[in-house]
Amino acid sequence: MTLTRNERVAELAWKSRTDLETFLNFTQGVKIANHQKQWLEHLQYIGDHPNVGHKVLIIAPPGAGKSTVMCSFLAWMIGKCPDDHVGL
């Protein structure tokens, strides 16, 4: 079965609600690089368990994509937990 463009967009939008990598690709056109995969694992865990207190520190050189990933992560978290305070 072939999905129409609108059905595919709706499918990606729905998946973006729970999957950070899909959200990054769908909203920002970001393709995750190999060096960012571990970042996403930790950030996804935070998104899946927002009240556990898990923290992550990302140290990488300029141009590694820290700001792009983290700003998108904050937007994703605000959408997932609109009543919580989210900070960077």
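1. Angles between axes are classed as roughly parallel under 35 degrees, roughly antiparallel over 145, roughly perpendicular from 65 to 115, and oblique for the rest. The axes themselves are lines fitted to C-alpha atoms, for helices over the stretch in contact, and the angles run from 0 to 180 degrees between N-to-C directions.

2. The model is predicted: local features need pLDDT of at least 70, side-chain atom pairs count only at pLDDT 80 or more, and totals for chains, interfaces and linings use all residues. Residues are numbered from 1 along each chain as its sequence is written, and side-chain values use heavy atoms, with hydrogens and water left out.

3. The protein chain has four helices and zero strands, where helices (H or I, at least four residues) and strands (E, at least two) are DSSP runs numbered from the N terminus. The order of elements from the N terminus is α-α-α-α. Along the principal axes, the C-alpha atoms fill a box of roughly 45 × 30 × 15 Å.

4. Helix α2 (residues 20-28) and helix α3 (residues 37-48) have axes that come within 9 Å and cross at roughly 110°; the two helices are therefore roughly perpendicular to each other. In this contact (heavy atoms within 4.5 Å), L20, E21 and L24 of α2 meet L40, L43 and Q44 of α3. The residues involved are four nonpolar, one polar and one charged. In this scheme Ala, Val, Leu, Ile, Met, Phe, Trp, Tyr, Cys and Pro count as nonpolar, Asp, Glu, Lys and Arg as charged, and the others, Gly among them, as polar.

5. The axes of α2 and α4 come within 10 Å and cross at roughly 105°, which makes α2 roughly perpendicular to α4. From α2, L20, F23, L24 and Q28 meet T68, V69, S72, F73, A75 and W76 of α4. This contact has seven nonpolar, three polar and no charged residues.

6. The largest pocket holds about 440 Å³ of space. A pocket here is an open set of points on a 1 Å grid over the protein atoms alone, where a 1.4 Å probe fits, with protein on both sides within 12 Å along at least five of seven lines; lining residues have an atom within 4 Å of a point. The lining comprises 21 residues, of which I46, H54, F73, V86 and G87 lie nearest the centre of the pocket. Two or more lining residues come from each of α3 and α4 (66-80), and α4 gives the most, with five. By class, the lining has 13 nonpolar, five polar and three charged residues.

7. Zero disulfides are found in the whole structure, a disulfide being a pair of cysteine sulfur atoms within 2.5 Å. C71 is in no disulfide, and the nearest cysteine sulfur, that of C81, is 18 Å away.

Notes:
Grid points are joined across faces, edges and corners, and a volume is the space filled by probe spheres set on the points.
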